[in-house]
Amino acid sequence: MLPGAPHRRRRVGFEAVELDAPAGATLLLYTDGLVESRARDVWTGIEMLQERLAAAATQLAGPDQPSPLEAICDDMLAVLAPGDRDGELNDSLRTVSLVNAGGGRAVIHFVAYRIQTSPTGSGIAVIPSAWVSWATAIESLASLGLNWDDDYFLLHLGSGAAVPMTNVSREGMELLALGSKALERISVLDIRIQVIDALGDIYERDLQCIRPVSVPAPARAV
């Protein structure tokens with residue numbers, strides 16, 4: 001089944017889909033709270049859920065017997081790894097969200113990150129200054145002594161993830177959250193995002209999430 005727009009979005013068309021289910025089939029209904037996490041985008045969570053459901057149906061089913069519903073539900077809840085909802089960065093001073101206010105469907109094609117250290121951070125580690133992958137960006141942040149969820153959060157955007165169609169930032173996709181320690185040790189953090197629209201056209205934008213604080217030039221006597 002192709003993913004559609006969330007039910008709360010307006011001005012978006014919906015398509016009815018009919019599926020044939022065999023007798024005795026089990027239908028799993030869930031909300032986005034099961035598959036969405038700050039550690040991953042919602043589509044990655046759906047893929048994890050599908051894989052776990054298929055494995056659970058095979059492992060828990062007896063000979064010629066359906067899988068026990070309670071056991072399957074318990075196993076599905078394990079999609080959220082321990083800690084996914086615990087210890088989130090509650091005191092973030094900088095948050096960046098991604099929205100799609102254009103009205104047409106757009107999915108992620110490519111994402112890269114660029115990080116530069118501040119004078120405070122430069123004495124801790126030397127990190128790549130070029131555009132890097134999410135994994136390398138996470139390694140760079142860790143080398144600066146920054147801890148996931150305690151000091152920062154950086155969403156892993158997978159290729160094919162849909163960008164939420166809304167112009168309200170709180171309903172968007174949270175890309176980044178930074179606490180005071182991260183802001184002290186990072187002077188530049190950019191995220192380059194390429195998206196593909198429904199026609200196959202690719203658009204690119206660089207999000208300048210952090211920039212050095214400008215220092216006023218010293219006054220000169222005239």
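## Basis of the model

In this predicted model, local features need pLDDT of at least 70 and side-chain atom pairs count only at pLDDT 80 or more, while totals for chains, interfaces and linings use all residues. Residues are numbered from 1 along each chain as its sequence is written, and side-chain values use heavy atoms, with hydrogens and water left out.

## Overall fold

The protein chain has six helices and six strands. Both are DSSP runs numbered from the N terminus: helices are H or I with at least four residues, strands E with at least two. Along the sequence, their order is α-α-α-β-β-α-α-β-β-α-β-β.

Of the 222 residues in the protein chain, 34% count as buried. Buried means under 20% relative accessible area, exposed means over 50%, and partly exposed lies in between (1.4 Å probe, protein chains only). The chain exposes about 14100 Å², and carbon and sulfur atoms supply 54% of this area; the areas come from the Shrake-Rupley method with a 1.4 Å probe, and for residues only the protein chains shown count as cover. A contact means heavy atoms within 4.5 Å. Among contacts between residues at least 6 apart in sequence, 64% join residues at least 24 apart.

## Nonpolar cores

A nonpolar core is a set of buried Ala, Val, Leu, Ile, Met, Phe, Trp, Tyr and Cys residues joined through side-chain atoms within 4.5 Å. The largest one has 36 residues, and those with the most contacts inside it are Ile108, Leu154, Leu157, Leu175, Ile186, Ile191 and Ile193. Two or more residues each come from β1 (94–98), β2 (106–117), α5, β3, β4 (173–178), β5 and β6 (202–210). Another core lies apart from it and has eight residues, among them Leu34, Ile46, Ala56 and Ile72.

Beyond four places in sequence, Ile186 is in contact with Ile115, Gln116, Thr117, Ser118, Leu141, Leu144, Leu146 and Ile210.

## Aromatic rings

Rings of Phe, Tyr and Trp (its six-membered ring) pair if their centres lie within 6.5 Å; planes under 30 degrees apart count as stacked, over 60 as edge-to-face and the rest as tilted. By this rule there are three aromatic pairs. Trp134 and Trp148 form an edge-to-face pair, 6.4 Å centre to centre with 80 degrees between the planes. Trp134 is in helix α5 (residues 134–143) and Trp148 is in the loop between α5 and β3 (152–154), 14 residues apart.

Trp148 also pairs with Tyr152: the ring centres are 5.7 Å apart and the planes are at 80 degrees, so this pair is edge-to-face. Trp134 is partly exposed at 23% relative accessible area and Trp148 is partly exposed at 30%, whereas Tyr152 is buried at 2%. Ring pairs link Trp134, Trp148, Tyr152 and Phe153 into a cluster.

Gln194 lies in strand β5 (residues 186–197) and counts as buried, with 16% relative accessibility. Its side chain makes a polar contact of 2.7 Å with that of Glu204. A polar contact is a pair of N or O atoms within 3.5 Å; within protein, one must be able to donate a hydrogen and the other to accept it, and residues adjacent in sequence count only if both atoms are side-chain atoms. Leaving aside residues up to four places away in sequence, Gln194 touches Val107, Ile108, His109, Phe110, Ile202, Tyr203 and Glu204.

Lys181 is in helix α6 (residues 180–185) and is partly exposed at 27% relative accessibility. Outside four places in sequence, Lys181 touches Gly145, Leu146 and Asp151.
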